[in-house]
Amino acid sequence: MSGASAAHPEELDAIIVGAGHNGLVAGCYLARAGLKVLILERQPYIGGAAVSRRVYEDFTYSNCSYVCSLLRPEIMRTLELPKFGLQIIPYEGGCTMMQEGGHLALYDNHDALRREIGRHSKRDAEAYDRYSRDVMRQCKFIKPLLMREPPDPASFKPRDIQELLYLGRRLHGMGEERMYDTLRFWTMSAADFLDEYFESEIVKAHFAGSSIIGTALGPRSPGTAYVLLHHYMGDIDNTVGAWGFARGGMGAVSNALGASFTASGGAIRSAAPVAKVLVRGGRAHGVTLVNGEEIKARLVISNLDVRRTFLETIDAQDLPDEFLHSVRNFKIRGSSGKLNIALDGLPRFPAIPAGSPSTRGDMHVTDTIEMMERAYDDWKDGRWSRAPYIDMLIPSQIDPTMTPNGKHYMSVFVQYCPYQLADGPWSAAKRQAFGDTVINTIARHSPNFKDLILHAEIRTPWDIENEVGLTEGNIFQGELTMDQLLFNRPVPGYAQYRSPLKGMYMCGSSTHPGGGVMGAPGANAARAVLRDLRLAH
Amino acid sequence: MSNAPNPKQFDCAVIGAGHNGLVCAALLAGAGRTVLVLEAGAQVGGASITREFAPGYKVSAGAHLLHLMPADLLRTLKLESHGLQWAGQQLPTTALIAGAPPLTFNHGVSMEGLSAADASALGAYQERMRRFAAAIAPIFSGIPPRLGTDAWSDRLSLLRMAWRIRMLGKHDMRELLRIGGMNVYDLLEEHFDSAALKGALGFDAVLGANFGPRSPGTVLTLLYRLAAESAAGDTGLSQPKGGMGALCEAIAKAAVAAGAVIRTQSTVARILIEADRACGVLLESGERIDARQVISNADPKTTFLKLLGAAYLDAGFVRRVSHIRSQGLAAKIHLALDRRPPFAGVAEAALKGRMLSAPSLGAIEHAYNHAKYGEFSTAPTMEITVPSINDATLAPAGKHVLSAIVQYAPYALKQGWGSGRQRFLDASLDVLETLAPGLRACITAAEVLTPADLEKEFRGSGGHWHHGDLAFDQILMMRPVPGAGQYRAPVEGLFLCGAGCHPGGGVMGIAGRNAALQVLNEPRHNDVMTS
């Protein structure tokens, strides 16, 4: 136990509001450093958006996030998640099906994918070597930045200057040509970037897919190119199954984190919604629950998004106007929906050869960038995409624990779906119509798909907001645009997990480096807390 | 000047007599170099010419107003003594709204017809944007430094940039670093309510750009324009008497007065290389002209891939050049009118300036949506001027000329401009008719210049006004491409001076001026050898 809390053994060192994966990660690091930590969760279950739930009979749905791709390996190791039950099973393949039949199969193996690309364009197969080399180079540049605190360029504090110099040195170390490439890569649109390599529409569409997931941008929006990194982040860590299923669904990630946390002495209270953060004299010193109960702690760390944290749980009078103004201007936009479907059997996809591993990973049906961009145009007009981009998986093929024998679970992530429709609020009928659009999109590629559907859970951004508590149902707790990254995330001057209130911290995806089930914001926030308590460097 | 002029031997050969080429030539000649300007067209000016499009009706073929040319450059070249006169200065901007009174706004003067909240927000917004523009103006008008070199001049220049931004103060600096990466849609939504106001302010961010207001990077393009205005001395919108062509004629006179030789109808076929150095040019006529330095006002693709040839460049550089995004999206429409155009509710003063038809940010975005797929919108947005109001020499007595920049008109139109041209004109006239009921009946002749036409007529690859999109990855030291971002080509003795270089297009002349500085920075080949 830390000397800090020895004086008042009853007093908590820290309360974490929200048991999302970042809250749990932060909790783990703090508990391991000897702090007395309590995590409060609104729902009767932990995990936030990384959950496994039984909504229909004996089917387990990963009903929000659905893929384990970005979880930092150092976090997994340090928190001993495999020991606490986390098992990640890699995708075995993947594919993009074409509108007119045919497909592009996806492989983890570079040479296999290169051969497959060559089936569509010989020139693109050659370009693929250059492409993966260039993107990998950017991965190597960005990777160490994920687990660091972004510097404040407007500050003259030694630590900020030191971090700025670190950034400068890393950039400079790349050499002149690579520096330009880096600047371009970070500011280009995915479409323009891919045009510099590939000629085949299907190849471009395949790579562009990851650039739009969860964002209110289209593949032609500048600043989307860097999201292409996500395909390569796994390779660079040299971890098998960087893109994989968590055995038992995404809830397994949260459960392993929860187990690691309690094993280190932390406590979790679920079904304990926080109403307000207690503030006195510019300092946070605990929370009040919705039921009126007050819990005191030396520190409060919020896993909620920055808008909820500062506009809903803290009174405006306790915060500087300028900060509140910035928080109100932080863009969090709902742009994605989700379908969880229970199937009576495995759907057939005639475009995919029988026995191919291509159905045992992520499947897509958008074969041109134009189709993706048009899907985005619909979103801008306040309606769901008439031909949406979907990221579809059938995890039960690989993890049979998720469904009864012979049955299957399909997870369908849908881009784009607005939080607010132009023609008025969401209704049950509109939700169903949205679901039908997605189901029909899939049925065009699978003749027996509709007949197999036993149950479909349709989730709009509005539903995700209400259940998970993410503003507008945004999976990243805030747009990942240039104006909201690094030292601008979540707001300029407060990008270092701290806030204008003493003792009040942020650890959610609203902070650097943002969303995805990565855990980096939680780990970075914990480090900031420990540094302030002089328990870490 | 030391050497006796040999008609075939010059210090500098400038390819193209666009405004940048002429500025560059005038400054080089003024510094004592022997300069030859070679222009393929029959008159000087490139896309900045005034030409007759119907009997008795003349119009500026490209840009129709001047607001970006630095005041000190105008003074240095003594353009007014070389015949430049102004038909109008400090012209206002007016947002036209079909069926509602127009909103006129001028520099620093709030718009009438706005809510009190918008009016006060506008003042604060303009004030702040001007502060930002003033901070980046020196970066904008200088020669961009190279990155990652060990040269002190580059490092100093970068530090100076950082320092200027730091000197804005903590608060403004943070705001600049935040909005710098934003889209103009979000920025304006943060400040204003009025759709018409947002449309008008947002239009400037996408004018000439391959962007809609929701594209990230449009605050940058807006700041870019404001920084250019700031670098120009915030002189406001001006209209040269006789159109843009008159401006270029004045620059040409300044160049000739300084000793430069200008030859029109002399198309350059090749840039000549000897011993890895540019040594002159070959004309299409077969004539060879020797020059120690060759400066190209042509766009980068034409310069490197056509005039020089990939054989003299390394493969990576050629790839970068071929990837420059340079397909234009702005068309010009010229109308000959038999009377003053009947713009509803527009005061005389407003008719003299520029009028915008961009009723809301959504309307601009919708117009842009089509362009992404090689189509044009049935409701295009436009910047309209009636230059004959200020300058009677442009049209027969009592008649008028309307000149409009219309967006978006994609270079590679799917249906082809053959059949698309008339439909595009009709769509544009439909918009104009709602703003000026009865306009159609006044039209005696009409001309459409699509990007494809601009490419053909002015030999700019892609028909792009800026010789290449203005976007994060194509500005500063990355413009036109890394490795040529300081007006120097990777081949010794070859320079670029056109809009494809930093800081881009618009009738600005900064690229021409900076290129001249770089040419003068290079030690004179002969001097070194003979001294």
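**Salt bridges and the A–B contact: worked exercises**

Let's start with B:R51, which counts as buried at 13% relative accessibility (buried is under 20% relative accessible area, exposed over 50%, partly exposed in between, with a 1.4 Å probe and protein chains only). This is a predicted model, where local features need pLDDT of at least 70 and side-chain atom pairs count only at pLDDT 80 or more, while totals for chains, interfaces and linings use all residues. Residues are numbered from 1 along each chain as its sequence is written, chains are lettered from A and ligands numbered from 1 in the order written, and side-chain values use heavy atoms, with hydrogens and water left out.

**Exercise 1.** Find which side chain meets B:R51 in a salt bridge, and where the two residues lie.

*Solution.* 
- Step 1: A salt bridge puts a side-chain nitrogen of Lys or Arg within 4 Å of a carboxyl oxygen of Asp or Glu. For B:R51 the partner is B:E447, at 2.9 Å from N to O.
- Step 2: B:E447 sits in strand β17 (residues 443-449) of chain B and B:R51 in strand β3 (residues 50-54) of chain B, so the pair ties together parts 396 residues apart in sequence. (Helices, H or I with at least four residues, and strands, E with at least two, are DSSP runs numbered from the N terminus.)
- Step 3: B:E447 is buried too, with a relative accessible area of 15%.

**Exercise 2.** Describe how chain A meets chain B.

*Solution.* 
- Step 1: Contact (heavy atoms within 4.5 Å) takes in 41 residues from chain A and 39 from chain B.
- Step 2: There are 13 salt bridges between the two chains, including A:R374 with B:E375 at 3.0 Å.
- Step 3: On the side of chain A that touches chain B, the elements giving two or more residues are α6 (176-187), α7 (190-195), α12 (321-329) and α13 (369-380). The largest share, eight residues, comes from α6(A).
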